[in-house]
Amino acid sequence: MTDYNFAYLDEQTKRMIRRAILKGIAVPGYQVPFASREMPMPYGWGTGGVQVTAACLVPEDKLKVIDQGADDTTNAVSIRRFFQRTANVAVTEATEEATVIQTRHRIPETPLTEGQILVYQVPIPEPLRFLEPRETETRKMHELEEYGLMHVKLYEDIARHGQIATSYAYPVKVEGRYVMDPSPIPKFDNPKLGQNPAIQLFGAGREQRIYALPPYTEVVSLDFDDHPFQPSKAAHDCDLCGAKDSYLDEVITDDAGGRMFVCSDTDFCAGRRAKGHTGRLGEAA
Amino acid sequence: MTLHSTEFSQKIRDPDQPLLKVEGLTKRYGPRIGCLDVSFDLYPGEVLGIVGESGSGKSTLLSCLAGHQRADLGRIAYDGRDVLGMSETERRRLGRTDWAFVHQNPRDGLRMGVSAGGNVGERLMAVGARHYGDIRDKAQDWLGRVEIASDRIDDRPSAFSGGMQQRLQIARNLVTGPRLVFMDEPTGGLDVSVQARLLDLLRGLVRDLGLSVIIVTHDLAVVRLLAHRLMVMKSGRVVEQGLTDQVLDDPQHAYTQLLVSSVLQV
């Protein structure tokens, strides 16, 4: 333990990241540049999220790490173990108990509360990137609030697929000002971004950007008047816990077309089963 | 913000007042001259041609007027408003509502990865249109006006011929009903029969919509057909200006005489 400074990063680096976080909270949705550090993991594995988490952690914190909703997948397990080793903080899988939650591409089903911090891992923070490749130009577009191009993308979706086919990383407008990429969360989670009591922080390591949503921020998913935004999920109930309103993963179970749908949020699913709920294939715990 | 509340189009048009007033416009590239001391007035519904050889400062002048480059000296007044003194927000808003810019190469003016309908609709969405059906109807209408078949609305411009791309670029620019259109060699790189059709189309649109146009070209046939007035540039300076027919039929300056006599007679 003594080989590392608390939470891996040195104090001056954490101070620099905290300044970026504070600036991000002061200007919701604005991408604040920061001097991203090399972390002992590859880009794309959550280097941005890890740095934001490291800057937020205090010894009293209880950390939860999820990867696509699950607490027990590689990314979640290795990041959780990383902070256990370098910060010696308590860890948990229960959403209600956690004070800091680092997430990859999901918002937990259990509603968050005041005092919690949700840290997102972001691969590409710029929502306009695939429409306008020039960074100088996208910065100018944010500066001047020229967001017509974002609707061109949605227009193309409808023209090609008959509906808005964007199903994750669905662009949102924050407090009527900045258009923001909510990281690749399913659009099912978009309604939870707005008016959320928790602090939401977004860290992009490779792209060196931090942005934030302070508690109770207004977040609106972009849409057309005649094609309103619709959060979507698989039209099934969870096969383990029977939940009707949670986001589901489809799991192939054999070579004969067998499949099941399970909650992507493992903590939520386990909690329901512990309370005696069962689904089509589940057994009472 | 809706389509109809854009402040610019609401103004009453006074045909006796110049729409664009340019005084002493100068742009230098270091010690070299881009354009020097250019002054002219452009009235509503008027088409001004700018001709001259390569490197004479035509395109520099046009990009200074359209706000793509910053002029070093001079004044530009659009509809009584000082363009060079405007904030960038205002100038860019002007650039996508009241003004239009048709590039020589349609690839510069189009989004090649976006369908034809999306290309036409972009300017509408940029000024606040948020109704898919309306945007699509309007795109459809404009594709029709520039003679692009309606079943091509979802095709990308990369699947279009050069002439179609240029017509699509024109539709994309005119959809928000601009009053002033800048054109940089709109017929360059097209074969003559396509050029003729494009010119025909442009002439019709300009007359029907009452557009004011500044057209830069080195093709004298284009200005003869389209332009009411003509400016001849050489080495960054305006050497002669006047009514198109007058300048072309009775050129006064030695360079204009050379230019007119160089046209190949078929």
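Me: In β9(A), which residue is the bridge partner of A:Val32?
Reply: A:Val32 has A:Ile210 as its bridge partner there. Before we go on, this is a predicted model, where local features need pLDDT of at least 70, side-chain atom pairs count only at pLDDT 80 or more, and totals for chains, interfaces and linings use all residues. Residues are numbered from 1 along each chain as its sequence is written, chains are lettered from A and ligands numbered from 1 in the order in which they are written, and side-chain values use heavy atoms, with hydrogens and water left out.

Me: How many bridges join β1 of chain A to β9(A)?
Reply: 2 bridges, with β1 (residues 32-33) running antiparallel to β9(A). Two strands pair if DSSP finds at least two bridges between them. Strands (E, at least two residues) and helices (H or I, at least four) are DSSP runs, numbered from the N terminus.

Me: Is β9(A) buried or exposed?
Reply: Buried (under 20% relative accessible area with a 1.4 Å probe, protein chains only; exposed is over 50%, partly exposed in between). 5 of the 5 residues of β9(A) (209-213) are buried, so the strand is largely enclosed by the rest of the structure. A:Arg209, A:Tyr211 and A:Leu213 cover one side, with A:Ile210 and A:Ala212 on the other.

Me: Switching to chain B, what order do the strands of the open sheet take?
Reply: The order is β2-β1-β4-β5 (chain B), with antiparallel pairing. β2 (32-42) and β5 (81-82) of chain B stand at the edges with a single partner strand each, so one side of each has no neighbour in the sheet. Helix α1 (residues 58-65) of chain B packs on the sheet and touches β1, β2 and β4 (73-78) of chain B. Contact means heavy atoms within 4.5 Å.

Me: Where is B:Lys27?
Reply: In strand β1 of chain B. B:Lys27 is buried, with a relative accessible area of 12%. Leaving aside neighbours within four places in sequence, the contacts of B:Lys27 include B:Ile33, B:Cys64 and B:Asp72.

Me: Which residues lie nearest the centre of the largest pocket?
Reply: Of its 45 lining residues, those are A:Glu137, A:Glu146, B:Arg92, B:Gly95 and B:Arg96. α2(B) gives the most to this lining, with 7 residues.

Me: How many cavities of 30 Å³ or more are there?
Reply: A search of the whole structure finds 1. B:Gly163, B:Arg167, B:Val194, B:Arg197 and B:Leu198 line the largest cavity, and α7(B) supplies the largest share of that lining, 3 residues.

Notes:
Axes fitted to C-alpha atoms, helices over the stretch in contact; angles between N-to-C directions. 1 Å grid on protein atoms, 1.4 Å probe; cavity = no way out; pocket = protein on both sides within 12 Å on 5 of 7 lines; lining within 4 Å. Points joined across faces, edges and corners; volume = space filled by probe spheres on them.
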